[in-house]
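Subject: Structure for your review

Dear colleague,

I am handing over the structure we spoke about, with the sequence alongside it. Please have it open while you read, as the notes that follow go through it region by region.

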Amino acid sequence: MRVAICEDEAFHRACILKAIQNYALFQAPSIEVVLCTNDPNELLQQMKSIHIDCYLLDIELGSTINGLDVAKRIREQDPLAHIIFITTYADRLSLTFKYKLAALDFIVKDSPEQIALDVIEALQAALMKYKQLGKNDSTKWFQIKVGEKVKNIHLKDIYFFETSTQPHKLELHERNGYHTFYGTLKELDHLGEHFFRCHKSYLINLENVTELNRKERYVTMENGRNCPIAFRVLGKIQKRLQLFR
């Protein structure tokens with residue numbers, strides 16, 4: 001679960017960051033802080049290119065943009081993101097209901113010890129929802145477990161799966177990286193019509209194909225990788241690709 005912090009006060013920003021890092025290190029390795037900033041404009045810019053699952057936002061950011069404004073932008077881009085508001089004034093929390101921002105939790109600034117406890121409690125709730133998201137077949141996420149970490153990957157970001165040289169493992173190539181996990185291609189039949197078994201060792205996302213080479217029998221994916229095509233499915237994959245052009 002990728003977390004971003006936007007808090008303008010350096011002291012509280014450091015408290016929140018430390019609490020999350022300690023919790024992740026000792027109890028929840030699936031949590032990763034990908035951005036910690038005092039500038040809401042930096043967060044808005046970064047979220048265009050970095051996928052973030054959970055946001056901790058100070059309502060009072062000492063800027064022309066406050067935490068509520070940022071939250072509205074987040075909701076427009078990602079309705080499923082977890083938002084945790086932080087504030088000095090408890091009465092400001094009612095504004096989140098007025099703006100219909102569906103916050104997961106609220107943290108009122110207190111002592112560093114209390115802030116740490118509140119942050120951990122909020123993250124526990126966020127992580128539970130994050131894990132449930134990848135297990136729900138009606139969502140557009142694929143969940144893998146790598147060691148002690150659980151990772152959700154949006155289906156549209158997946159380029160392809162291929163069998164690994166390591167027994168009983170698959171390699172997943174996606175927009176934000178590469179992962180190896182236990183599984184078989186047969187177990188991925190449920191992913192839907194966007195995915196196509198083009199070869200005994202490859203399952204590709206048809207939405208992310210940039211070129212079909214019939215002569216050499218391969219497809220080129222958006223990340224530049226070529227995936228082979230079995231002769232028997234050459235005609236079928238050409239017809240299926242026409243649906244995504």
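**Pockets and cavity**

The second largest pocket is lined by Met-1, Arg-2, Pro-29, Ser-30, Ile-31, Glu-32, Tyr-130, Val-146, Lys-149, Val-150, Lys-151 and His-179. Please keep in mind throughout that this is a predicted model. The volume of this second largest pocket comes to about 220 Å³, and strand β7 supplies the largest share of its lining, namely 3 residues. Sorted by class, the lining of the second largest pocket consists of 6 nonpolar, 2 polar and 4 charged residues.

The largest pocket, for its part, has a volume of about 380 Å³, and among the 20 residues that line it, those closest to its centre are His-51, Asp-78, Trp-141, His-154 and Lys-156. The lining of the largest pocket divides into 8 nonpolar, 6 polar and 6 charged residues.

There is also 1 cavity of 30 Å³ or more in the structure, and the volume of the largest cavity is about 90 Å³. Its lining is made up of Arg-2, His-51, Asp-53, Trp-141, Lys-151, Asn-152, Ile-153, His-154, Asp-157, Glu-174 and Asn-176. Here strand β7 gives the most, with 4 residues, and the classes in the lining of the largest cavity are 2 nonpolar, 4 polar and 5 charged. If you compare the lists, you will find Arg-2 and Lys-151 in the lining of the second largest pocket and again in that of the largest cavity, while His-51, Trp-141 and His-154 are named for the largest pocket as well as for the largest cavity.

Strand β6 (residues 141-146) and strand β7 (residues 149-154) run antiparallel and are joined by 6 bridges. Trp-141 has His-154 in β7 as its bridge partner, and these two residues are also among those closest to the centre of the largest pocket. The hairpin that β6 and β7 form has 2 residues between the strands, and within this hairpin Gly-147 takes a positive phi near 65°.

**Aromatic rings**

How many aromatic pairs does the structure hold? The count is 6. One of them is formed by Phe-161 and Phe-181, an edge-to-face pair with 6.4 Å from centre to centre and 75° between the planes. This pair links distant parts of the chain, as Phe-161 belongs to strand β8 (residues 158-163) and Phe-181 to strand β10 (residues 177-182), 20 residues apart. Phe-161 is buried, with a relative accessible area of 0%, and Phe-181 counts as buried too, at 6% relative accessibility. Ring pairs join Phe-161 and Phe-181 with Phe-142 and Phe-195 into a cluster.

A charged side chain also meets a ring in this model: Lys-169 lies over the face of Tyr-182, at 4.8 Å from the ring centre.

**Backbone points to check**

Most residues other than glycine have a negative phi. Two residues that depart from this may be worth a look on your screen. His-168, which is not a glycine, has a positive phi of about 65°; His-168 is placed in the loop between β8 and β9 (169-174) and is exposed, with a relative accessible area of 65%. Arg-217, likewise a residue other than glycine, has a positive phi near 55°. Arg-217 lies in the loop between β13 (209-213) and β14 (218-221), and at 35% relative accessibility it counts as partly exposed.

**Two distances along the fold**

Which residue lies 29 residues from Leu-44 along the chain, with its C-alpha atom 7.8 Å away? That residue is Arg-73. Leu-44 itself sits in helix α2 (residues 40-46) and is buried, with a relative accessible area of 7%. Glu-171, in strand β9, is buried as well, at 14% relative accessibility, and its C-alpha atom is separated by 33 Å from that of Ala-19, 152 residues apart along the chain.

With best regards

Technical notes:
Residues are numbered from 1 along each chain as its sequence is written. This is a predicted model: local features need pLDDT of at least 70, side-chain atom pairs count only at pLDDT 80 or more; totals for chains, interfaces and linings use all residues. Side-chain values use heavy atoms; hydrogens and water are left out. Rings of Phe, Tyr and Trp (its six-membered ring) pair if their centres lie within 6.5 Å; planes under 30 degrees apart count as stacked, over 60 as edge-to-face and the rest as tilted. Buried means under 20% relative accessible area, exposed over 50%, partly exposed in between (1.4 Å probe, protein chains only). A charge sits over a ring if NZ of Lys or CZ of Arg is within 6 Å of the ring centre and within 35 degrees of the ring normal. Two strands pair if DSSP finds at least two bridges between them. On a 1 Å grid over the protein atoms alone, a cavity is a set of points where a 1.4 Å probe fits but cannot get out, and a pocket is an open set with protein on both sides within 12 Å along at least five of seven lines; lining residues have an atom within 4 Å of a point. Grid points are joined across faces, edges and corners, and a volume is the space filled by probe spheres set on the points. Ala, Val, Leu, Ile, Met, Phe, Trp, Tyr, Cys and Pro count as nonpolar, Asp, Glu, Lys and Arg as charged, and the others, Gly among them, as polar.
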